[in-house]
Amino acid sequence: MLLEKTIGCLYLNGSATNIGGEYITDHNGDSITLGSTGKPGIFPIRWAWAQNQWISRNPVLRKVSWDTLNANGLATGKEVEINGLRYTVRCPMLGIEPGVPNEWAATLDEAGEDDLFQLFPIPAFWGAETCSNGKHSMFSGRWFEACGENTDIGFRPILKPATIQLDVTPVGTSVMVMSCSGSAVWGKLSEITDYDLVLNNSPIGRNYERREKAFKLFGNNRLAIDRSQVLYAQEDFSD
């Protein structure tokens, strides 16, 4: 099973919206993006970690054309900010053209046979590539990739974190650190060694510390983190 988290929401015309709706039927012409986790009743998007990036467990929007996604910067990639953290969001590469990786096939291989991606029918969704015939890559059915123009296709986003290199990050920078087990902590970078890093003003409790072996609270809201258990780190712009 792949590591999972829930973060961020689909936004249509600037409003947080639950995923799974039909664009061409209910929202035709609305702007599309991803943004911070929305108001109560709007569920965050569920992601799985594969190929060093997050991929949505389900298409977040149905019946949307590739051209519409591209017009909103979502086919081939744009930067978004979600809960103070920056990411690139785009469609997955499907390997239709020579030399282009097939991120979806690699995700399924990494997930294994018992992962949720393998256990349920997979709805069709767009890929990022434009094919040599001018059409666009799409995943249709369980294993079939092709170049197509059908508008009855979903948007399954990739979310690539804008990561930082901790060794060259200035002390005092506000950061989010994601552990290999999927636990996220925030604070200001205070110290860093070859083995650990220390965050100040980290608002986690002792119960959280007991569940996550990578973290150790000490002093006044200071948190030591085992660097071998860090999946990635990002600068936090929410301050």
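Trainee: How many helices and how many strands does the protein chain have?

Mentor: The model is a predicted one. Its secondary structure consists of runs of both kinds, and the protein chain has 5 helices and 20 strands.

Trainee: What radius of gyration does the protein chain have, and what would a compact globule have?

Mentor: Along its principal axes, the C-alpha trace spans about 60 × 35 × 30 Å. For 239 residues, a compact globule would have a radius of gyration near 18 Å. The value for the protein chain agrees with this, being 19 Å.

Trainee: Among contacts between residues at least 6 apart in sequence, what percentage join residues at least 24 apart?

Mentor: Buried residues make up 46% of the 239 residues in the protein chain. As for the contacts between residues at least 6 apart in sequence, those that join residues at least 24 apart make up 65%.

Trainee: How far apart do the centres of the positive and negative side chains lie?

Mentor: The protein chain carries 21 positive and 28 negative side chains.

Trainee: Which cysteine sulfur is nearest to that of C9, and how far away is it?

Mentor: A search of the whole structure finds 0 disulfides. C9 is accordingly in no disulfide. C9 counts as buried because its relative accessibility is 0%, under the 20% limit. The nearest cysteine sulfur belongs to C91, at 19 Å.

Trainee: Is C180 buried or partly exposed?

Mentor: The relative accessibility of C180 is 38%. Buried residues have under 20% and exposed ones over 50%. The value for C180 lies in between, so C180 counts as partly exposed.

Trainee: Where does Q51 lie, and what is its phi?

Mentor: Q51 belongs to the loop between β6 (46-50) and β7 (53-56). At 34% relative accessibility, Q51 counts as partly exposed. Q51 is a residue other than glycine, yet its phi is positive, near 60 degrees.

Trainee: Which residues does Q53 contact, leaving aside neighbours within four places in sequence?

Mentor: Q53 is placed in strand β7. Its relative accessibility is 3%, so Q53 counts as buried. Beyond those neighbours, its contacts are A48, R90, E103, I158, L159, K160 and P161.

Trainee: What is the phi of N83?

Mentor: N83 is found in the loop between β9 (78-82) and β10 (85-90). With a relative accessible area of 32%, N83 is partly exposed. N83 is not a glycine, but its phi is positive, at about 55 degrees.

Trainee: Which residues does G84 touch, not counting those up to four places away in sequence?

Mentor: G84 is also in the loop between β9 and β10, and G84 is buried, with a relative accessible area of 6%. With residues up to four places away set aside, G84 touches E235, D236, F237 and S238.

Trainee: How far apart in space are T76 and P92, C-alpha to C-alpha?

Mentor: T76 lies in the loop between α2 (66-71) and β9. Its contacts, apart from neighbours within four places in sequence, are W66, N70, R90 and A128. T76 and P92 are 16 residues apart in sequence, and their C-alpha separation is 8.5 Å.

Trainee: Is L199 buried or exposed, and what is its relative accessible area?

Mentor: L199 is placed in strand β17 (residues 196-200). Residues that L199 touches, beyond four places in sequence, include V175, W186, L189, L223 and I225. The C-alpha atoms of L199 and T173, 26 residues apart along the chain, are separated by 9.6 Å. L199 is buried, and its relative accessible area is 0%.

Trainee: Which residues does H27 touch, not counting those up to four places away in sequence?

Mentor: H27 is in the loop between α1 (23-26) and β5 (32-35). Its C-alpha atom and that of L74, 47 residues apart along the chain, are separated by 16 Å. With residues up to four places away excluded, H27 touches L12 and E22.

Conventions:
Residues numbered from 1 in each chain as written. Predicted model: local features only at pLDDT ≥ 70, side-chain atom pairs only at ≥ 80, totals over all residues. Heavy atoms only, no water. Helix = DSSP H or I, 4+ residues; strand = E, 2+ residues; numbered from the N terminus. Buried < 20%, exposed > 50% of the residue type's maximum accessible area, 1.4 Å probe, protein only. Rg over C-alpha atoms; globule rule 2.2 N^0.38 Å. Contact = heavy atoms within 4.5 Å. Lys, Arg positive; Asp, Glu negative; His and termini not counted. Charge placed at Lys NZ, Arg CZ, Asp CG, Glu CD. Disulfide = S-S within 2.5 Å.
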